[in-house]
Amino acid sequence: MADTLEPMRITVECYGAAQRWCGAELISLELADGATVGDALDHLSERFGELARRRETIAVAIGDGIVPGSRPLDEGERLALIPPVSGG
């Protein structure tokens, strides 16, 4: 009998303009085991067109550090979407 993999759950925290683009401060995602940060962004981009249009400008952090799209995710992790900022 083949093992069935349970999806992992992560939480995405949307900051600044990303909150507006996604329509929420927190988003819960179910992803396949072994998913990466890039996979999470793919899923979010499919759901939120405004985010998809700005995807290349968004930084993603886990904990205290910015992470690349290739970083594997673990069950229960929290990703932070950090949009570009400007000021003067």
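I began with Ser45 and found this residue in helix 2, which covers residues 37–47. The model I am reading is a predicted one.

I then looked up which residues Ser45 is in contact with, leaving aside its neighbours within four places in sequence. I wrote down Leu51, Ala52 and Arg55.

After that I turned to the protein as a whole. I listed three helices and five strands. Read from the N terminus on, the order of these elements is β-α-β-α-α-β-β-β.

I looked up the extent of the C-alpha trace and noted about 60 × 25 × 20 Å along the principal axes.

How many of the residues count as buried? My entry reads 38% of the 88 residues of the protein.

For the accessible surface of the protein I noted about 5,500 Å². Carbon and sulfur atoms hold 50% of that surface.

I also checked contacts across the sequence. Taking the contacts with a separation of 6 or more, I found that 52% of them come from residues 24 or more positions apart.

My last entry concerns charge. I noted 8 positive and 15 negative charges in the protein. The mean position of the positive charges and that of the negative charges are 10 Å apart.

Notes
Residues are numbered from 1 along each chain as its sequence is written. This is a predicted model: local features need pLDDT of at least 70, side-chain atom pairs count only at pLDDT 80 or more; totals for chains, interfaces and linings use all residues. Side-chain values use heavy atoms; hydrogens and water are left out. Helices (H or I, at least four residues) and strands (E, at least two) are DSSP runs, numbered from the N terminus. Buried means under 20% relative accessible area, exposed over 50%, partly exposed in between (1.4 Å probe, protein chains only). Contact means heavy atoms within 4.5 Å. Accessible areas come from the Shrake-Rupley method with a 1.4 Å probe; for residues, only the protein chains shown count as cover. Lys and Arg count as positive and Asp and Glu as negative; His and the chain ends are not counted. The place of a charge is taken as NZ of Lys, CZ of Arg, CG of Asp or CD of Glu.
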